[in-house]
Amino acid sequence: MRFNRILLSSALVVVALVIQVSVLARLHLPGAVPDLLLLTVLGLAMVYGHVGGALVGFGAGLLADLAPPADHAAGRYALVLCVIGYFAGLIKPETGRLKSATGPMAVVVAAAIGSTLLYACVGALVGDTAARHVGLPGLLFSAALYDLLLAPFVVPGIMWLARRADNDPLAEAGPAAKAGDISSGWLSSGTGLRIGSQRGGLGALKAKARTRSARVGRIKGVKRL
């Protein structure tokens, strides 16, 4: 991942985790807790693709595993978000832009249900049976409902920030690449920098043509003599 992606992803994940732990977790809603961290990973994955989504999901999940008041084994939620980020990144279109909100909303519902099921399955493997006592069907329904209601306020903004960071020319290329491509980039923006360089090139060609014609004239004059 490029440096601008890492910086943006880290900032968004930290902000989402702080809000989720300090605000959303204290609302005491029935069933599950709105998963702002999951929505952040989904928004980034649908812009960065499956590889970037998996990396962001793993980092976000590991941070959630280590942040208090986590009461489960470290790496459990990292595995869940890594898998969810990978599959969410698979729907990224070639143009990087989604034509409708139907696809993202379906991804949010599937991710909310899938993450809850996967988290419960991993917990069962390590001996955590809390999901059975709380009621898995109620957790699935409430998780999908809360995340679906919160998604329109979170996912589009996350995707917009990710695209804007990717379109930054200073982040796209290094100093050497910028020096080589700056004229073509400025030509597309109408600055005329490359037009000036083309004029200089035409002037050089004209000077060479004049030199050649002068040499031909001299040679002809010598032959006449």
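1. Two residues are in contact when heavy atoms of theirs lie within 4.5 Å. Keep that cut-off in mind for Ser 115, which touches Leu 38, Val 80 and Ile 84, leaving out residues up to four places away in sequence. One caution before going on: this is a predicted model.

2. Start with the whole chain. There are nine helices and zero strands. Along the sequence the pattern reads α-α-α-α-α-α-α-α-α. The chain has 225 residues, and 32% of them count as buried. Now take the contacts between residues at least 6 apart in sequence: 71% of these join residues at least 24 apart.

3. Next, the helix pairs. Two packed helices are described by the angle between their axes and by the distance between those axes. Helix 6 takes part in the pairs with helix 1, helix 2 and helix 4.

4. Helix 1 and helix 6. Helix 1 covers residues 3-22 and helix 6 covers residues 136-166. Their axes are 9 Å apart, at an angle of about 155°. Angles over 145 degrees count as roughly antiparallel, and therefore helix 1 and helix 6 are roughly antiparallel to each other. Their crossing is right-handed. From helix 1, the contact uses Asn 4, Arg 5, Leu 8 and Leu 12. From helix 6, it uses Ile 158, Leu 161, Ala 162, Ala 165 and Asp 166. Sorted by class, this contact of helix 1 with helix 6 has six nonpolar, one polar and two charged residues.

5. Helix 2 and helix 6. Here the axes are 8 Å apart and the angle is about 40°. That makes helix 2 oblique to helix 6. The cut-off explains the label, because angles under 35 degrees count as roughly parallel. Helix 2 passes helix 6 in a right-handed crossing. Among the contact residues of helix 2 are Leu 36, Leu 38, Thr 40 and Gly 43. Helix 6 contributes residues including Asp 147, Ala 151, Ile 158 and Arg 163. By class, the contact of helix 2 with helix 6 holds 14 nonpolar, two polar and three charged residues.

6. Helix 4 and helix 6. What is the angle at which helix 4 and helix 6 pack? The angle is about 140°, and the axes are 8 Å apart. Helix 4 is therefore oblique to helix 6. The crossing of helix 4 with helix 6 is right-handed. On helix 4, the contact residues include Met 105, Val 108, Ala 112 and Thr 116. On helix 6, they include Leu 136, Leu 140, Asp 147 and Pro 152. The contact of helix 4 with helix 6 has 16 nonpolar, one polar and one charged residues.

7. Back to Ser 115. Ser 115 sits in helix 4, which covers residues 102-125. Is Ser 115 buried or exposed? Ser 115 is buried, because its relative accessible area is 6%, and buried means under 20%. Its side chain has a polar atom 2.8 Å from the backbone oxygen of Ala 111. Look also at Val 80. Ser 115 and Val 80 are 35 residues apart in sequence, yet their C-alpha atoms are 6.0 Å apart in space.

8. Thr 40. This residue lies in helix 2, residues 36-66. Thr 40 is buried, with a relative accessible area of 2%. Setting aside neighbours within four places in sequence, Thr 40 is in contact with Leu 12, Val 13, Ala 16 and Ile 158. Two of those names have come up already: Leu 12 in the contact of helix 1 with helix 6, and Ile 158 in the contact of helix 2 with helix 6.

9. His 28. Find His 28 in the loop between helix 1 and helix 2. Its relative accessible area is 72%, so His 28 is exposed. Most residues other than glycine have a negative phi. His 28 has a phi near 55°, a positive value in a residue other than glycine.

10. Val 33. Val 33 is also found in the loop between helix 1 and helix 2. Val 33 is partly exposed, with a relative accessible area of 39%. Not counting residues up to four places away in sequence, Val 33 touches Leu 24 and Ala 25. Val 33 and Asp 147 are 114 residues apart along the chain, with their C-alpha atoms separated by 8.8 Å.

Notes: Residues numbered from 1 in each chain as written. Predicted model: local features only at pLDDT ≥ 70, side-chain atom pairs only at ≥ 80, totals over all residues. Heavy atoms only, no water. Axes fitted to C-alpha atoms, helices over the stretch in contact; angles between N-to-C directions. Helix = DSSP H or I, 4+ residues; strand = E, 2+ residues; numbered from the N terminus. Parallel < 35°, antiparallel > 145°, perpendicular 65-115°, else oblique. Left-handed = near helix turned anticlockwise from the far one by under 90°. Nonpolar A, V, L, I, M, F, W, Y, C, P; charged D, E, K, R; others polar. Buried < 20%, exposed > 50% of the residue type's maximum accessible area, 1.4 Å probe, protein only. Polar contact = N/O pair within 3.5 Å; in protein donor to acceptor, adjacent residues only side chain to side chain.
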